[in-house]
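Subject: A structure to look at

Hi,

Here is the structure I said I would pass on. Have a look at it first, and then read my notes below.

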Amino acid sequence: MQQEPMTVIGNNVRKEECCDDAEVQRQMESCLCQFEKWGEAEQIHHVQNLISKMSHHQHSQLNSFLKPMLQRDFISMLPSEYHYPLPLKPLGCELP
């Protein structure tokens, strides 16, 4: 089974919030390298386990991080023949 490519959003981790401990940083990088080798189901299961161990405050921080990623512009993903000026109809204007 071929795994779909990962969507890499970018390095959104603020440097001042990263761990200064070199050993912990090395362990985090090792964990990420291993994570990228797993299939989608294993990745999801692992992340669900991690989230279940986190505090409410950590969940709120994750929510703030994920919200912009989940607010996708689906209109721009449609084929060009469907790109109508959508706001015009609710304003009472006629579509071309």
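A word on the record before anything else: UniProt positions are given in the numbering used here, feature names are shortened, and annotations may be inferred rather than shown by experiment. With that in mind, an unreviewed UniProt entry carries the annotation "domain: D" for residues 32-71. Over residues 32-71 the chain is 85% helix and 0% strand, with the end C-alpha atoms 25 Å apart.

Some housekeeping: this is a predicted model, where local features need pLDDT of at least 70 and side-chain atom pairs count only at pLDDT 80 or more, while totals for chains, interfaces and linings use all residues. Residues are numbered from 1 along each chain as its sequence is written, and side-chain values use heavy atoms, with hydrogens and water left out.

Now the overall picture. The protein has three helices and zero strands (DSSP runs numbered from the N terminus: H or I of at least four residues for helices, E of at least two for strands). Of its 96 residues, 2% count as buried (under 20% relative accessible area; exposed is over 50%, partly exposed in between, with a 1.4 Å probe and protein chains only). The protein exposes about 9,000 Å², and carbon and sulfur atoms supply 59% of that (Shrake-Rupley method, 1.4 Å probe; for residues, only the protein chains shown count as cover).

Next, helix α3. This helix has 15 residues, 56-70, and reaches 20 Å from first C-alpha to last, close to the 21 Å expected (1.5 Å times one less than the number of residues). At S64, α3 bends by about 25°, and P68 follows within four residues (the bend is the angle between axes fitted to the seven residues ending there and the seven starting there).

Finally, one salt bridge turns up in the whole structure (a Lys or Arg side-chain nitrogen within 4 Å of an Asp or Glu carboxyl oxygen). The partners are R26 and E23, at 2.7 Å, N to O. They sit three residues apart in helix α1 (residues 22-37), so about one helical turn separates them. R26 is partly exposed, at 46% relative accessible area, and E23 is partly exposed too, at 38%.

Cheers
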